[in-house]
Amino acid sequence: MESNYHTLKRTDNQLLVISHLTQLLTYVTGFGGLIVPLVIWATQKDRVEDMDAHGKAILNFQLSIIIYSILSIPLVFVFGLGVLTLILVGILAFLMPIINAIKASNGELPSYPLSLNFVS
């Protein structure tokens, strides 16, 4: 008789919250905001309910933030608007993980604005 043990997923809102908040490691260490959520998502997506959706949203958001930051750098020299866009990207990259961590603790799916779809 076969067991369905491997197909069952556990509900772990705390791990979902932690995966969102690990994006803030970039502000502390300068890196890790993409690497740590990627490792959590890759290792837990088959074990934790909704981890796949949350992990993909986090990765898409972090990759989008990197792209927006890279595109803002030439705008600093061309129009001076790059400084404003870098500030806005920094604020967005700080606030959205906190907002989505709160959503994750309530069992809601994340929503990151201006997030490009790289991982689907």
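Helices (H or I, at least four residues) and strands (E, at least two) are taken here as DSSP runs, numbered from the N terminus. The structure is a predicted model, in which local features need pLDDT of at least 70 and side-chain atom pairs count only at pLDDT 80 or more, while totals for chains, interfaces and linings use all residues. Residues are numbered from 1 along each chain as its sequence is written, and side-chain values use heavy atoms, with hydrogens and water left out.

On these terms the chain has five helices and zero strands, giving the pattern α-α-α-α-α along the sequence. Its C-alpha atoms fill a box of roughly 70 × 25 × 25 Å along the principal axes. Confidence is given as pLDDT, the predictor's own score for each residue from 0 to 100. The mean for the chain is 92, with 94% of residues at 70 or more. Among the elements, helix 1 has the highest mean pLDDT (97) and helix 2 (residues 25-29) the lowest (93).

Of the 120 residues, 32% count as buried, that is, under 20% relative accessible area, as against exposed (over 50%) and partly exposed (in between), using a 1.4 Å probe and protein chains only. Contacts are heavy atoms within 4.5 Å. Among contacts with a separation of 6 or more, 66% join residues 24 or more positions apart.

Helix 1 (residues 13-21) packs against helix 4 (residues 51-78) at an angle of about 5 degrees, with the axes 10 Å apart. Helix 1 is therefore roughly parallel to helix 4. Helix 1 brings Leu 15, Leu 16, Ser 19 and His 20 to the contact, and helix 4 brings Met 51, His 54 and Ile 58. By class, four of these residues are nonpolar, three are polar and none is charged.

Arg 10 is found in the segment before helix 1. Because its relative accessibility is 39%, Arg 10 counts as partly exposed. Beyond its neighbours within four places in sequence, Arg 10 is in contact with Leu 15, Gln 44, Arg 47, Val 48 and Glu 49. Asp 50 lies 40 residues from Arg 10 in sequence, and the two are 9.5 Å apart in space, C-alpha to C-alpha.

Conventions:
Axes are lines fitted to C-alpha atoms, for helices over the stretch in contact, and angles run from 0 to 180 degrees between N-to-C directions. Angles under 35 degrees count as roughly parallel, over 145 as roughly antiparallel, 65 to 115 as roughly perpendicular and the rest as oblique. Ala, Val, Leu, Ile, Met, Phe, Trp, Tyr, Cys and Pro count as nonpolar, Asp, Glu, Lys and Arg as charged, and the others, Gly among them, as polar.
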